[in-house]
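Trainee: Please take a close look at the charged side chains with me. I would like to follow their pairing from one place to the next.

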Amino acid sequence: MRTVPSILHLDMDAFFAAVEQASKPSLRGKPVIVGGLGGRGVVSTASYEARRFGVHSAMPMAQARRLCPNAAFLTGRFDAYRANSEIVMGLLRERSPLVEPLSLDEAFVDLEAGPYGPALAAATTPAEGAQLVLALAEDLRADIVEHTGLTASVGVAGSKLMAKIASEQAKPDGLVLIEPGTERGVLAPMPVRALPGIGPATEQALRRAGLTTVADLAEAGFEELVALLGKAHGAGVFQMALGWDERPVVPDRDAKSVSVEDTFEVDLADRERILYEIEQLAARCVRRLRAAGRSGRTVVLKVRRFDFSTLTRSETLRGPTDDAEVIAATARRLATQVDVTGGVRLLGVGVAQLADYTQEDLFAQLEREERESGPATVVEETVEEAVEVDPAARRWWPGQDVTHREFGPGWVQGSGVGRVTVRFETPYSGVGRVRTFAVGDEELEPSGALPLRPPAGGG
């Protein structure tokens, strides 16, 4: 355990929703909910304005609509989130080469390994070291606002466990330092769920034993927790209850991909059987992926044919995922690109471009919704008129970035009955005007996300 609180945990505030509010002046200060908008969609992120109505992440979207019907309900814009995440992670890496991302909006940083490490080591008193860490953390938060306009909550402590707890206490848009040596006192009154790795099932097991606070866990002792939770889990919970955590900040992991494959005794010639085997391989691949705590963006299919020729096909998704349905569907789609005439002797499914997180798999939700809705639409009627919708017409998603030849950049507010409604505004404009177009209007095109800060030199 460190004597200087040199481990920093950063957690961006309501990241997806905050990016949407920063991108869209008309939504600032208003409830915004990002997630899958279909019947099975769930909330990925809710702005703090929406949270006041009881909306939270992982909530069914239908319930969120009941709680906060006047919110802006938007699909995710992965390019925008990724671009701003890269800016934030770049600012973290200026402070230290040891940055451990946990998601697009969350990371640990080891300040001792960075340019201020010698100054921290030279601090003559713990208070002096703590003051330097606080100054570094405040500078970081200010830089994030300057470069993105977004806010972050930061915790600093002598361990990853306590830094994470400190950042939770700092939310939203705050900074909390937990001094080394005070860990047990800080943890004692907290509910057991405050400790990472304690989910609902473990909480219930502990509650049945009369253990509801972290202080209860510490007093229960090693042997009782091992008896309740098993050796590995019980030992880990006991150490956390005492505030012990010596895990290092780990910036990279060795694995570049996760894959599984099978060789068949008899060549497979039936396409339906091949697709079935691909689904089974995808399920095994996902289990390995989740066991490693990873997600991935590129799905790879490997096929060795009857003549020992080996083909690989890959598809890069819009965002990292560990969703079995998405990975299996992508692998099946890749299989249609391979000639299996004559038979297949080996199949493999893998996932590459790994990330150290899965971000409330909004990408998987959108993939499912697109498949469920299908490409075809029918004649839709309103009281005023009937509009025939071209089955090949483009689909527009709430929140999507667009540009119009005459009116410039904007975003989709909604679409239906052959019409799409767009608000024309940018991160740097005031609240924009709203106009409605036919869904097939050739002057309206999808576009990329604009940066949240104008480019140097204006614009």
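Mentor: Lysine 24 and glutamate 20 are both buried (under 20% relative accessible area with a 1.4 Å probe, protein chains only; exposed is over 50%, and partly exposed lies in between). Before we go on, this is a predicted model, in which local features need pLDDT of at least 70 and side-chain atom pairs count only at pLDDT 80 or more, while totals for chains, interfaces and linings use all residues. Residues are numbered from 1 along each chain as its sequence is written, and side-chain values use heavy atoms, with hydrogens and water left out.

Arginine 2 and glutamate 112 join their side chains in a salt bridge, at 3.5 Å from N to O. They sit 110 residues apart and connect distant parts of the chain: arginine 2 is in the segment before strand 1, and glutamate 112 is in the loop between strand 6 and helix 5 (117–121). Helices (H or I, at least four residues) and strands (E, at least two) are DSSP runs, numbered from the N terminus. Both partners are partly exposed, arginine 2 with a relative accessible area of 21% and glutamate 112 with 39%.

Five strands make it up, open and with mixed pairing, in the order 5-6-1-7-8 (two strands pair if DSSP finds at least two bridges between them). Strand 5 (99–103) and strand 8 (175–177) are at the edges with a single partner strand each, so one side of each has no neighbour in the sheet. Strand 5 runs antiparallel to strand 6 (residues 106–110), and four bridges join the two. In that pairing, glutamate 100 stands opposite phenylalanine 108 in strand 6.

A further charged pair is found in helix 7. Lysine 164 and glutamate 168 meet in a salt bridge at 3.9 Å, N to O. Because they are four residues apart in helix 7 (residues 160–170), about one helical turn separates them. Lysine 164 is partly exposed at 26% relative accessible area, and glutamate 168 is partly exposed at 43%. Helix 7 itself is mostly covered, with eight of its 11 residues buried. Among these buried residues are Leu161, Met162 and Ala163.

Glutamate 183 lies in helix 8 (residues 183–187). It is buried yet has no salt bridge, and the nearest side chain of opposite charge, arginine 184, is 9.8 Å away (Lys and Arg count as positive, Asp and Glu as negative; His and the chain ends are not counted). What the glutamate 183 side chain does reach is the backbone nitrogen of glycine 181, at 2.8 Å.

Methods. Salt bridge = Lys/Arg side-chain N within 4 Å of Asp/Glu carboxyl O. Polar contact = N/O pair within 3.5 Å; in protein donor to acceptor, adjacent residues only side chain to side chain.
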